[in-house]
Amino acid sequence: MRVGILTSGGDCQALNATMRGVGKSLYGIYEDLEIYGFLDGYKGLIYDEYRKMERNDFSGILTQGGTILGTSRTPFKEIHEPDANGLDKVEAMKHNYRKLRLDCLVVLGGNGSLKTANLLSEEGLNVIGCPKTIDNDLWGTDMTFGFYSAVQVATNAIDCIHTTAASHGRVFIVEIMGHKVGLLTLYAGLAGGADIILLPEIPYDVDAVCRKIAERHRNGSRFSIVAIAEGAKSREEAKLSKKEFRKKLAEEKNTYPSVAYKLAKEIELRTGSEVRVTVPGHTQRGGQPVPYDRVFATRIGAEAAKLIKKGRFGMMAALKDNEIIAVPLSEIAGKLKMVDPESSIVKEAKMVGISFGE
Ligand code: F6P
């Protein structure tokens, strides 16, 4: 049995834990096993850069953040474009897979990476997907590995801000990762006790945000914490076309590095409050995976090995109602799981007084 494996897209905690799950399970199934790790994601598969992995490569990495194989972004929208030297990337990947006489390729990836995995599967390769991303925005699975570790880091950032915000009586805005989907902000905001949570799925009204801050002041709170997703939009911005919005962002880039800074200025102008911004940024993807992710990654890795054994290719290992299942890559590719503004978690957050800036 010859298996290729790669980690693609933005990294996250528990990539190594997942590869360990795949590797250890496969060694338990096959006596005659060779695993090839492609370096820096699809780039390694395109340019034939890989290393043969040994059994002990999969030991001692359960708690290690990052990825021992390296990763990179290979945008799906550019996958059919030849590279600078005219190389057809899809053909190159197929060629290198066949050259190594692989029986299967395991892809640990998020949305874009699994779209490419599905494409390779349609092109005739045996592919298994594992759901990676701190955003937890993959369709077809209740959970992605990396999510709860990132929630932990983002929550810690909000916790730390809480004490200093209370000391100074300031408004603090904590900007959390997630361009299109606000699940990470929603969970970290709830866990960190944010007063206002602003998500890409629920366009905000700056006046409503300011009203909430004023209400808290009236009720004796000296400070307010806003958790905002990096991709949150105001109501006015939500009305713009994609192109218009991109143009607006480009124009504002020199004044406001990101959405939190713009909102801070708007709140200061309207309320006269002192506002500070904190952006934990890529720390949210770093460090050790939390225990939940270690367990989940191990289960996902074992399922990937099981799918290989059964020859069930073109599938992604996934979580549904706390059971590990397999879903076809073709069903999930290109679809986003987003926060439903009518979901019970949003309603419960509102019940404890959290404003979504509506
Ligand atoms: O997809 C994970 C993610 O961390 C998003 O939350 C974030 O918007 C994006 O990646 C950042 O990408 P990069 O590391 O390429 O700047």
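# Close-up views of the predicted model

**View 1. The positive patch and helix α9.** Helix α9 (residues 242–252) supplies the largest share of the positive patch, three residues. The model shown here and in the views below is a predicted one. On the surface, the patch of positive charge gathers Lys-77, Lys-115, Lys-180, Lys-242, Lys-243 and Arg-246. One of these, Lys-242, has its place in helix α9. The relative accessibility of Lys-242 is 69%, so this residue counts as exposed, the cut-off for that class being over 50%.

View 2. Glu-237 and Lys-248 form a salt bridge in which the closest N and O atoms are 2.9 Å apart. Because Glu-237 belongs to helix α8 and Lys-248 to helix α9, the pair ties together parts that are eleven residues apart in sequence. Glu-237 counts as buried, at 3% relative accessibility, whereas Lys-248 is partly exposed, with a relative accessible area of 25%. The pair also belongs to a network of salt bridges that links Glu-237, Lys-248, Glu-252 and Lys-262.

**View 3. Salt bridge between Asp-205 and Arg-235.** The closest N and O atoms of the salt bridge between Asp-205 and Arg-235 are 3.8 Å apart. This pair links distant parts of the chain, 30 residues apart: Asp-205 is in the loop between β7 (196–198) and α7 (206–218), and Arg-235 is in helix α8 (residues 235–238). The distance falls inside the cut-off, because a salt bridge requires a side-chain nitrogen of Lys or Arg within 4 Å of a carboxyl oxygen of Asp or Glu. Asp-205 has a relative accessible area of 17% and is therefore buried. Arg-235, at 35% relative accessibility, counts as partly exposed.

View 4. Lys-94 pairs with Glu-91 in a salt bridge, with 3.1 Å between the closest N and O atoms. Both Lys-94 and Glu-91 lie in helix α3 (residues 89–99), three residues apart, which is about one turn of the helix. Lys-94 counts as buried at 10% relative accessibility, while Glu-91 is partly exposed, with a relative accessible area of 40%. In the structure, the count of salt bridges comes to 21.

**View 5. Aromatic pair between strands β2 and β3.** A search of the whole structure finds eight aromatic pairs. For Tyr-36 and Tyr-50, the ring centres are 5.7 Å apart and the planes are at 80°, so the pair is edge-to-face. Tyr-36 is in strand β2 (residues 34–38) and Tyr-50 in strand β3 (residues 50–53), so the pair ties together parts that are 14 residues apart in sequence. With 6% relative accessibility, Tyr-36 counts as buried; Tyr-50 is partly exposed, its relative accessible area being 32%.

**View 6. Aromatic cluster.** Five-residue labels mark this view: Phe-147, Tyr-148, Tyr-187, Tyr-292 and Phe-296, which form one aromatic cluster.

View 7. Most residues other than glycine have a negative phi. Asp-40, which is not a glycine, has a positive phi of about 55°. Asp-40 is found in the loop between β2 and α2 (42–46), and with a relative accessible area of 30% this residue is partly exposed. Asn-136 also has a positive value although it is a residue other than glycine, with phi near 50°. Asn-136 is buried, with a relative accessible area of 4%.

View 8. Ile-267 is a residue of helix α10 (residues 259–271). At 0% relative accessibility, Ile-267 counts as buried, since the buried class covers values under 20%. The C-alpha atoms of Ile-267 and Cys-210 are separated by 6.3 Å, and the two residues are 57 residues apart along the chain.

How values were computed
Residues are numbered from 1 along each chain as its sequence is written. This is a predicted model: local features need pLDDT of at least 70, side-chain atom pairs count only at pLDDT 80 or more; totals for chains, interfaces and linings use all residues. Side-chain values use heavy atoms; hydrogens and water are left out. Patches are made of residues with over 30% relative accessible area and no salt bridge: like charges are joined within 9 Å, nonpolar side chains (Val, Leu, Ile, Met, Phe, Trp, Tyr) within 5 Å. Accessible areas come from the Shrake-Rupley method with a 1.4 Å probe; for residues, only the protein chains shown count as cover. Lys and Arg count as positive and Asp and Glu as negative; His and the chain ends are not counted. The place of a charge is taken as NZ of Lys, CZ of Arg, CG of Asp or CD of Glu. Helices (H or I, at least four residues) and strands (E, at least two) are DSSP runs, numbered from the N terminus. Buried means under 20% relative accessible area, exposed over 50%, partly exposed in between (1.4 Å probe, protein chains only). Rings of Phe, Tyr and Trp (its six-membered ring) pair if their centres lie within 6.5 Å; planes under 30 degrees apart count as stacked, over 60 as edge-to-face and the rest as tilted.
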